[in-house]
Amino acid sequence: MAQGTLQAIKKWWSDVLGTRVYFRFGEKEDRKRRLAGQFFTFITIGLGFSYLFWHFEFINWGFWYYSFIFFLAELIGLILFEFFAFNAWFLRFHSPQGVLFEKPLSVDIFITVAGEPVELLKETVEAVVQIDYPDKKVYVLDDKGNIEYQRIAEKFRCGYFAREDHSDAKAGNLNYAFQKTSGDLILTLDADQVPQPQIVNTLIGYFKFPSVAFVQTKQDFMVPVGDPFGNADRIFYNVMQAGKDTDNAAFSCGSGVIYRRKALEEIGGFSTWNLVEDVHTSMLLHDRGWRSIYYNYPLTKGTAPTDIYGVYKQRKQWAADSLRLLFWDNPFRRKGLSFKQKFQYFHLGFVYLVAAFVMPFFFLTPILALLTNNFVLTAPVRSYVLHRFPYFISMSIAYGILNYPTHYMRAFQMWTGLFPAFIHATWIALRSRMKKPAYHVNVKPIGKVRGRNPWLAILPQGGIIFLSLFSLVYIFIIGVANWDFYLLNFVWSMWSIWTLSGICLAAVGRHRWPEEGVSEKRVVPSFFPKIKELFITVILTVSIMVFFTMADMSRVNEVLGGFRLKILSALSFEKPVSMVTKEISRGPEVSKPYLKEKTEQPEKSAAEVILMEKKEEGLKKEEVVKEEEVIKEVIKKEETIKKEEVIKKENWVVHVVSVKTIEQAMIYKERLMAVGFPAYSIRTKVRGEDWIRVRVGFFNNREEAQKAGNEVEKKLIAKGPYWITNVSKKEMEDLLGK
């Protein structure tokens with residue numbers, strides 16, 4: 001193991017230095033992209049662990065039941081990135097011409113059909129009989145007993161199998177034909193997969209290597225313009241399968257794949273353990289020491305689901321298949337698999353779990369943060385941005401390079417947006433240990449079909465989008481205590497909305513199909529269009545990071561507070577209480593959200609009542625003037641007495657910490673305010689030195705202050721000592737106004 005690792009490092013280092021001898025097709029040409037992706041992978045992992053260590057230090061333990069889970073979600077996000085980077089570390093390519101073969105082999109072509117439209121099957125059979133290979137036999141495998149399917153087979157002089165026992169779905173259908181045929185190789189095609197004439201001649205040469213069990217081709221699909229549902233699966237076929245091929249872990253996708261009969265005979269035919277046969281059959285073959293080849297060019301063209309319900313059905317079935325394998329036939333228990341193969345098969349199910357449960361957690365976090373005023377961290381917003389955003393930027397660049405030239409952000413939207421289907425798939429897999437769930441053919445209709453209401457299918461995603469917008473508007477209306485906290489969650493919410501909008505727009509939008517009979521022109525984009533999405537993402541993220549780290553937040557509070565009042569006034573809302581932090585040049589800094597402002601008219605004093613009564617009695621002008629002077633003196637004395645009573649009553653505070661700089665004081669104040677304490681700071685002299693004391697207050701009596709001090713000690717990470725004290729009359733006067 002250690003020797004193999006050392007050899008791999010030497011091999012990689014020679015690739016870095018450019019001294020490596022390249023034998024495989026495309027390896028040298030891909031070197032710059034490969035090394036750039038690896039370089040940013042190292043940077044991302046370093047920044048990721050640095051962020052996680054910092055994150056753990058500032059977890060808001062007062063909100064632990066959510067904050068700690070959020071930390072785990074961040075950790076899993078980094079692990080998923082490492083998994084993907086490992087998968088895409090070194091992509092394997094093959095020549096488009098394939099490999100020349102010397103010994104001809106007989107080929108049986110199985111076309112499986114189970115309810116697909118007759119026109120669809122006819123088009124496929126017509127193309128199959130045109131395959132340019134002499135020693136081939138074509139069979140239609142009918143799992144529905146449809147007489148129309150039989151007529152198509154007879155029309156094109158193909159073999160026809162229709163079994164009476166329909167157990168084990170597609171795998172059982174394939175095994176029935178497998179037992180009744182004898183070709184050296186077997187090409188399997190779904191009823192909607194139209195092959196190119198050269199498919200056999202291109203792939204058959206790989207079987208001159210006796211250890212090769214199967215060769216899987218890249219699949220292509222007929223999709224609407226723009227591929228709104230991401231049915232082409234470019235990331236999977238362009239990157240993931242090519243990476244798995246490097247580790248001899250590329251697996252069969254069930255169609256457009258040629259198997260060696262001898263290899264299938266060794267494992268008893270196509271696997272019937274899982275929902276569909278492809279992945280589990282591949283793992284069994286790899287476990288027996290057989291090799292696989294991924295030919296990364298399309299030689300077939302199939303149909304794809306046309307609505308959100310079809311997409312859900314297809315992806316749910318794929319996810320349940322992978323998760324059932326992960327839960328009940330875990331690859332790490334297979335002794336015949338290499339470590340890399342075990343890892344690659346584990347990765348298949350892991351990505352579905354992350355999409356099902358981790359990603360929705362990120363979408364919900366800004367909503368809860370805004371509505372509860374509880375952040376997952378006690379650190380200031382600025383500090384969070386400085387630690388999290390560079391990590392996000394580096395990860396975005398790494399993903400962009402590892403997937404280049406394939407656009408990954410659209411695939412990210414689809415993968416995360418399908419979380420309801422993946423949650424359901426997890427439940428299906430968990431309850432199917434002893435017995436596999438029922439298999440349902442995902443029939444792809446031809447032409448325009450009136451489907452079910454798509455809005456019902458996207459209620460979970462639409463609900464999160466609605467809650468995100470609601471929380472932003474609601475908190476804006478009722479008042480914002482800390483604008484930097486609000487703006488951070490605003491940015492986060494916009495990211496969530498953009499991510500989930502992909503599946504929502506695809507579900508409800510009208511899709512335009514390429515004109516029939518007109519081949520779609522595929523223009524190879526130049527460099528900038530290929531990186532446009534990544535470039536915009538990085539520029540936006542850097543701009544937001546610069547704003548949070550460089551902006552004067554007191555000025556931002558003032559501007560946005562004024563903007564909010566104008567908006568509410570224009571919309572005829574009642575004028576709200578202003579919540580703006582006021583800087584005091586001499587004296588303490590006060591966190592205004594925790595000081596009550598008097599917005600209502602005060603009750604009239606006894607002196608004012610007397611004055612009003614005398615005016616109503618109709619006294620002479622001179623007498624009224626004299627009375628007013630007397631009454632004003634009485635009112636002034638009453639106000640002085642009230643203020644003294646307030647100062648005398650509410651003068652208990654909790655002293656939290658003494659620091660040397662205003663920056664340190666701000667950090668403690670923001671951390672205290674983040675967990676709900678009314679914090680302020682005041683300058684003082686200690687033995688001739690300038691210090692800043694951070695306090696929590698004010699409280700009516702010592703008991704209330706002691707209770708608050710205990711809460712501070714529980715929730716604040718920094719260690720005491722804390723003490724309860726009275727503040728001076730001057731300090732209260734400075735705070736309340738003389």
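A residue is called buried when its relative accessible area is under 20%, exposed when that area is over 50%, and partly exposed in between (1.4 Å probe, protein chains only). With a relative accessible area of 14%, Asp 227 is therefore buried. The model described here is predicted: local features need pLDDT of at least 70, side-chain atom pairs count only at pLDDT 80 or more, and totals for chains, interfaces and linings use all residues. Residues are numbered from 1 along each chain as its sequence is written, and side-chain values use heavy atoms, with hydrogens and water left out.

Of the 738 residues in the chain, 50% are buried. Among contacts (heavy atoms within 4.5 Å) with a separation of 6 or more, 81% come from residues 24 or more positions apart.

Eight of the strands make up an open sheet of mixed pairing, and their order is E3-E2-E1-E4-E7-E6-E8-E5. Two strands count as paired if DSSP finds at least two bridges between them. Strand E3 (159-161) and E5 are the edge strands, each pairing on one side only. In general, strands of a sheet pair through backbone hydrogen bonds, either parallel or antiparallel. Two bridges link E5 to strand E8 (residues 291-303) in the antiparallel sense, and Pro 195 is found opposite Thr 300 in E8. Helix H10 (residues 278-287) packs on this sheet, where it touches strand E6 (212-222), strand E7 (257-260) and E8, and its direction makes about 155° with that of E6. Helix H6 (residues 169-179) lies across strand E1 (107-113), strand E2 (136-142), E3 and E4, and runs at about 145° to E1. These angles run from 0 to 180 degrees between N-to-C directions, with axes taken as lines fitted to C-alpha atoms, for helices over the stretch in contact.

Asp 192 sits in the loop between strand E4 (185-190) and strand E5 (194-195), and its relative accessibility of 5% is why it counts as buried. The side chain of Asp 192 makes a polar contact of 2.8 Å with the side chain of Thr 303. Such a contact is a pair of N or O atoms within 3.5 Å; within protein, one must be able to donate a hydrogen and the other to accept it, and residues adjacent in sequence count only if both atoms are side-chain atoms. Asp 552, by comparison, is in the loop between helix H19 (527-550) and helix H20 (553-570). At 47% relative accessibility Asp 552 is partly exposed, and a 2.6 Å polar contact joins its side chain to that of Ser 554.

Most residues other than glycine have a negative phi, and most peptide bonds are trans. Asp 227, in the loop between E6 and helix H8 (234-246), has a positive phi near 45°. Asn 248, in the loop between H8 and E7, likewise has a positive phi, of about 55°, and is buried at a relative accessible area of 9%. The peptide bond from Tyr 404 to Pro 405 is cis, with omega near 5°, and Pro 405 belongs to the loop between helix H13 (381-403) and helix H14 (409-417).

Helix H17 (residues 459-478) has 20 residues, which at 1.5 Å a residue should span 28 Å; its end C-alpha atoms are 27 Å apart, in agreement. The expected span is 1.5 Å times one less than the number of residues. The buried residues of H17 are Gln 461, Ile 464, Ile 465, Ser 468, Ser 471, Leu 472, Ile 475 and Phe 476. Because they cover an arc of only 125° around the axis, they lie on the same side of H17; the arc is that of the directions from the helix axis to the C-beta atoms. Leu 459 and Phe 466 are exposed on the other side of H17. Just after H17, Gly 479 takes a positive phi of about 125°.

Finally, Trp 691 is placed in strand E12 (residues 689-699) and is partly exposed, at a relative accessible area of 24%. Trp 691 lies 32 residues from Val 659 in sequence, while their C-alpha atoms are 5.8 Å apart in space. Beyond its neighbours within four places in sequence, Trp 691 contacts Ser 658, Val 659, Lys 660, Ile 682, Arg 683, Thr 684 and Val 686.

Key. Helix = DSSP H or I, 4+ residues; strand = E, 2+ residues; numbered from the N terminus.
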